[in-house]
Amino acid sequence: MSKISRSFTIDSDQHILDGIRRGDSVALDAIYKLYYPSVEHMILQNNGSHEEAQDIFQEAVIVLYDKVSLGNFELTSKLKTFLYAVARRLWLKQLNRAGLSYADISQYEDSLAADDDIEKHEELDSKFDKMEQAMEKLGEPCKTILQDFYLLQQSMQEICDKFGYTNADNAKTQKYKCLQRLKKLFFTL
Amino acid sequence: MRRLSQQQFYELADQYLRKELNDTDRLAFEAFCAENPSFSAQLSQHKEFINHMQATSRRMDFKSQLALSAKEFRKTQAKELKITKQTQLSTAADADTKESQLPGETKVISILNRYKINSFIAAAAVAIVAVFSTLWVSGYYKTLEKTSSNYSALRREMNTVRKNVNAHNVALRNINSKKDADVSSSHYGATGFMVTNDGYVVTNFHVVNGADSVYLQNNKGDSFKASIVYTDADKDLAILFIKDHNFKGSKNLPYTFKSAASELGEDIYTIGFPRDEAVYGQGYLSSATGYAGDTVSYQISIPVNPGNSGGPVLDNRGNVIGIISGKQTGIDGAAFAIKTQTLLSALKDIPTDSLKTKIVLNKKNNLKGLPRTEQVKHLRDYIYMVKVY
């Protein structure tokens, strides 16, 4: 069992970063296998639960994803160190927020890379959250129309056929209205 | 270029961004934007918005993919944990058959190397197996079964735990309201019974020693505040007086006080409050002296527990012959009761100024000849739970 799965495992950090850029599930599985245990250990040692460890690790991976998807990310340390440091900063932040002074996470040395990133991450996160909420509130069929057009890059004719509009102009009008609504939702949130 | 409606503009903008416009249209659109700065701004805003939307959507996909991976990982983790445990168990069980042990071990080692964190769990599993098998081999469980008395002890502990938890809950609830008045720091419970029908009650000195306030609760659940009128530390006796205005006095006492010494082997019983409900206990008088030859008390054989202190000891005919005061730990069935004679001499010692009314002891016994259950029924009105704060 272990032999088969190991042959699929990606070892080098660069492979994993490429996989993340593509949203590859093999890369994500590998991230969990390789890097999660140390993060979990750190959090469990510092007043955390398994669930909290899962949440923090997921957030750390998303930080990584945001950086990678911005395109100009260069790994200055090992990926393991990076994730560990980000997770530690996130966890510290959460502890502080909960009013618990952190007892023995005192070794800051390797977390300096992540210091700024957390601030940026939170900003970015709230921006993405806003859009997510707006898209959630938009409702059907608007959501699907916009997704098909802007994300899946379908032509107006395809969308017209799919939703049964009498002509492409009607579909265009509908798309325009939907986009206006989404903008309104996004900017008023 | 002609004037454009908003909708037409966005349509063109979308096509422009998707590079679907032919060269002439594209140039015309670019020229239009260059001419109209407000539309140019709208275009860049639109572009940014679309990009953000696309990024958000990809990010959402990524998140859900990540959640899937997390779920998958947890599943395999749980599975491997189970395998580790099973192999551990089977290794322990088949200690003799080495053939079956070897593949199991290699598997364990490979898993341990990959997940060092699991090694703690594995070690714990081994320890648990070792502990329980040792206990089983040494026959610990068999002796456990035999000593059935552990059962009641265990239940008592549970009650204490529950009480503590309730107290914690109360404390937590009051944490913000800043009234710590009703969080009683420590309080004791014991038993007391009436000496006269106008409100004198006797209990042990050790019960009320150091008391802030003393309350007496009758079997109907009514509580009365009582003051301590007399204590005698040597005899371990305390006389209380109910000074509560709700207390109206009671009917004549049904029992009398026996001044003469009682004989060994006498059938006796008591009622006390080792818990919040009156508890009946019966036994016999086993020795004429108390702990370490103490002549002011008897040794009796009645099962008593903390809370029985101050309870009356009565004989068959409804005479009070003593007051429960304590028991010897480590010796079965050795409880002690202060003799009634001691109580009577203590009553005589009370300075008259500290008494509100003169103590007149009851001479008429209404319990004589009644069956035990009837006696107990009559008695219960005169026995109080002493609550000391």
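Predicted model: local features only at pLDDT ≥ 70, side-chain atom pairs only at ≥ 80, totals over all residues.

Residues are numbered from 1 along each chain as its sequence is written, and chains are lettered from A and ligands numbered from 1 in the order in which they are written.

Strands (E, at least two residues) and helices (H or I, at least four) are DSSP runs numbered from the N terminus. β3(B) covers residues 214-217 and runs antiparallel to β4(B), residues 223-232, with 4 bridges joining them; two strands pair if DSSP finds at least two bridges. I found V214(B) opposite A226(B) in β4(B). Another 4 bridges join β3(B) to β13(B), residues 383-388, also antiparallel, and there Y215(B) stands opposite K387(B).

Which residues of β3(B) are on the covered face, and which on the uncovered one? V214(B) and L216(B) are on the covered face, Y215(B) and Q217(B) on the uncovered one. In a regular strand the side chains alternate between the two faces of the sheet.

**Cores**

A nonpolar core here is a set of buried Ala, Val, Leu, Ile, Met, Phe, Trp, Tyr and Cys residues joined through C-beta atoms within 7 Å; buried means 20 or more other C-beta atoms within 10 Å of the residue's own, with C-beta atoms placed from the backbone. The largest core has 50 residues, and A337(B) and V313(B) are among those with the most contacts inside it. Strand β5(B), residues 237-242, gives the most to this core, with 6 residues. Apart from it lies another core of 31 residues, among them I20(A) and Y65(A).

**Helix packing in chain A**

I checked α2(A), residues 13-22, against α4(A), residues 50-70: their axes, lines fitted to C-alpha atoms over the stretch in contact, come within 9 Å and cross at roughly 85 degrees. The pair is therefore roughly perpendicular (65 to 115 degrees). L17(A), I20(A) and R21(A) of α2(A) meet L64(A), Y65(A), V68(A) and S69(A) of α4(A); contact means C-beta atoms, placed from the backbone, within 7 Å.

**Chain contact**

I found 29 residues of chain A in contact with 26 of chain B. α3(A) gives the largest share of chain A's side, 9 residues.

How values were computed
Axes fitted to C-alpha atoms, helices over the stretch in contact; angles between N-to-C directions. Parallel < 35°, antiparallel > 145°, perpendicular 65-115°, else oblique. Contact = placed C-beta atoms within 7 Å. Buried ≥ 20, exposed ≤ 12 C-beta atoms within 10 Å, placed from the backbone.
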